[in-house]
Amino acid sequence: MSTLRSPLTQSVPYQGKVFAARSLLPVKEKHLWKIEQGAVRIVTWHEDGTILTLGIWGAGDVVGKALSKTEPHQIECLTKVEASLLPMTDWYEITQILQVHLQQAEEMMLIRSQKTVDIMVVKLFSWLGQKFGREVKEGKLIDLRLTHQDIAEMIGSTRVTITRVLQQLEDQGLIQRLRLHRIVLKEEEIWHYEI
C-alpha cells in the first residue's frame, strides 16, 4: 500500500543544507526554503540604510523571496540553520504557508504599535518566548542570541534605547540577560507588567 506524502516531506535537492549563524540563505527563483532547524529573520532596508526586520521564522516554517514583493529582501540566519530547498511547482499547501506569514506580519505590527518602547520589547520577548523559547528553571530561555541592534531593528527603535530598556527590565526582575546575548524571560512577571 503506497502512502501519499506532502511535497513538503518528499525528498528535494539541497535537503538538510546547513548555514552558519549570520549567513544569508541564497535567493532561489521559484523555490522556497523550509527551515528544518534554527531561526532566520527576513530583513529589508530603507533608502537611508535603516534595517527593518519583517519577521522571524523557525523550524517547520517556510520562507523565500517568492512569498514577498519587498525589495531588497534578505533571509539572515540568526542561529545555525538547517534548511531544505523546495520547488514551488510541487506545491498545494501554499495557502497554509501564506496564512502563517500573514499571521506573523500581523503579530509584528501589533508589537510595533505599542505606545512605548519598553512595552514593545516586553511584547516582543513574550512573542519570541512563545515561538522560540524553552522552559528553564528561571523562566523561559530565548536562545536566539539577539544583539541590541537586532532588537532595535525589529521594533523600529535605536540600539541605545534598547540598551536602556533592557537594563530597566533586568533591574525590575522581568528578564535575566545571559552570556552570548541570550535572555531568560520571567513570564509571570511579564504578564503583570503588560496589564
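Me: Is Arg145 buried, partly exposed or exposed?
Reply: This is a predicted model. Buried means under 20% relative accessible area, and exposed means over 50%. Arg145 has a relative accessibility of 41%, so Arg145 counts as partly exposed.

Me: Which residue forms a salt bridge with Arg145?
Reply: A salt bridge needs a side-chain nitrogen of Lys or Arg within 4 Å of a carboxyl oxygen of Asp or Glu. Here the closest N and O atoms are 3.9 Å apart. The partner of Arg145 is Asp143.

Me: How many residues apart are Asp143 and Arg182?
Reply: The side chains of Asp143 and Arg182 meet in a salt bridge, at 3.9 Å from N to O. This pair links distant parts of the chain. Asp143 sits in the loop between β10 and α3, and Arg182 in the loop between β11 and β12. They are 39 residues apart.

Me: Is Arg182 buried or exposed?
Reply: The cut-off for buried is under 20% relative accessible area. Arg182 has 17%, so Arg182 is buried.
For Arg182, then, the word is buried.

Me: Which strand holds the salt-bridge partner of Glu76?
Reply: Glu76 and Arg41 meet through their side chains in a salt bridge of 2.7 Å, N to O. Glu76 lies in strand β7, and Arg41 lies 35 residues apart from Glu76. Both residues are buried. The strand of Arg41 is β4.

Me: Which residues are linked with Arg41 and Glu76 in a network of salt bridges?
Reply: The model has 11 salt bridges by this rule. Some of them link up in a network that includes Arg41 and Glu76.

Key. Residues numbered from 1 in each chain as written. Predicted model: local features only at pLDDT ≥ 70, side-chain atom pairs only at ≥ 80, totals over all residues. Heavy atoms only, no water. Helix = DSSP H or I, 4+ residues; strand = E, 2+ residues; numbered from the N terminus. Buried < 20%, exposed > 50% of the residue type's maximum accessible area, 1.4 Å probe, protein only.
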